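Welcome! Here is a friendly tour of one protein chain, taken topic by topic. Keep the picture open while you read.

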Amino acid sequence: MGCGRVGSTLARSLEDRNHTVSIIDSEPDAFRRLGPAFNGDKIAGIGFDQQVLEKAGIRRADAFAAVSSGDNSNIIAARVAREQFGIQQVVARIYDPGRAEVYQRLGITTVATVKWTADQVLRRILPAGAEPDFRDPSGTIRVDHITVPEIWIGRRTIDLQVQSRSRIAWIDRLGEGMLPVRETVLQEGDMLHLVIREDNAAHTYARLENGPEED
């Protein structure tokens, strides 16, 4: 639901991945954003109207995304898709981060645009470890990305993980992602994506800064 910049981009991306897509918008002119190559169904109407959703094929859908410009419309449409039609994979774009958190707890995945953008900026201007890339809803687990400290270059990833009480989810190396194995050696310029328990974060960053303990 929603054929603005986000919705049209999402629809084309899904179709490029060989998914069947129906897109709903209250303004028929919005469908021009899809371009002539789009083969999916274009339904003009209110995206939380059950008849409109039926026309769009909601009963055979595997997922539903509500990405119009209105929080209220997205919330209502997401709830109708989930509660009336039993769609489990539902995502709603919500600008108000407070409301987004409420609906996240109700099982509706939300994308709070303003908060996400602000968080992305914060993560890039604050010192390493000040703000994680991701924190799970319970606040127990976080994912941080850091450039490998010089003092750890040449050491095995397993040593860093054991001593820092973290796990390396993946490494960005020379423009490509890689999954480390036990014998992987850290190289200059590696970007580490670390999974850390929140209560271990202080220890993790202290060990990264101080370097490896020798056996």
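Before we start, please remember that this is a predicted model. We begin with a pair of strands: strand 6 (residues 134-135) and strand 7 (residues 141-147) run antiparallel and are joined by two bridges.

**The hairpin of strands 6 and 7**

- Across the pair, Phe134 has Val143 of strand 7 opposite it.
- Five residues lie between the two strands of this hairpin, and Gly139 has a positive phi there, near 80°.

**The open sheet**

- Strand 7 also pairs with strand 10 (residues 191-197); the two run antiparallel, with seven bridges between them.
- Strands of a sheet pair through backbone hydrogen bonds, in either a parallel or an antiparallel way.
- Here, five strands make up an open sheet in the order 6-7-10-8-9, and the pairing is antiparallel.

- Helix 1 (residues 5-16) has 12 residues, and it reaches 16 Å from its first C-alpha to its last, close to the 16 Å expected at 1.5 Å a residue.
- Which residues of helix 1 are buried? They are Gly7, Ser8, Ala11 and Glu15.
- Seen down the helix axis, these buried residues fall within an arc of 95°, so they line one face of helix 1.
- An α-helix has 3.6 residues a turn, so residues three or four places apart point the same way.
- The buried residues of helix 1 pack against strand 1 (22-25), while Arg5 and Asp16 are exposed on the other side of the helix.
- After helix 1 comes Asn18, with a positive phi near 70°.

**The nonpolar cores**

- The largest nonpolar core has 22 residues, and Ile24, Leu53, Ile58, Phe64, Ile87 and Val90 have the most contacts inside it.
- Helix 2 (50-55), strand 3 (63-66), helix 3, strand 4 (89-93) and helix 4 (97-105) each give two or more residues to this core.
- Which element gives the most to this core? Helix 3 does, with five residues.
- Neighbours within four places in sequence aside, Phe64 is in contact with residues including Met1, Gly47, Leu53, Ile58, Ala77 and Val91.
- Another core, of 13 residues, lies apart from this one; among its residues are Trp152, Ile171, Leu192 and Ile196.

- Asp71 lies in helix 3 (residues 71-84).
- Is Asp71 buried or exposed? Asp71 counts as buried because its relative accessibility is 12%, and buried means under 20%.
- Not counting residues up to four places away in sequence, Asp71 touches Arg93, Ile94, Tyr95, Asp96 and Arg99.

How values were computed
Residues numbered from 1 in each chain as written. Predicted model: local features only at pLDDT ≥ 70, side-chain atom pairs only at ≥ 80, totals over all residues. Heavy atoms only, no water. Pairing = 2+ DSSP bridges. Helix = DSSP H or I, 4+ residues; strand = E, 2+ residues; numbered from the N terminus. Buried < 20%, exposed > 50% of the residue type's maximum accessible area, 1.4 Å probe, protein only. Contact = heavy atoms within 4.5 Å. Core = buried A, V, L, I, M, F, W, Y, C linked by side-chain atoms within 4.5 Å. Expected span 1.5 Å × (residues − 1). Arc of directions from axis to C-beta.
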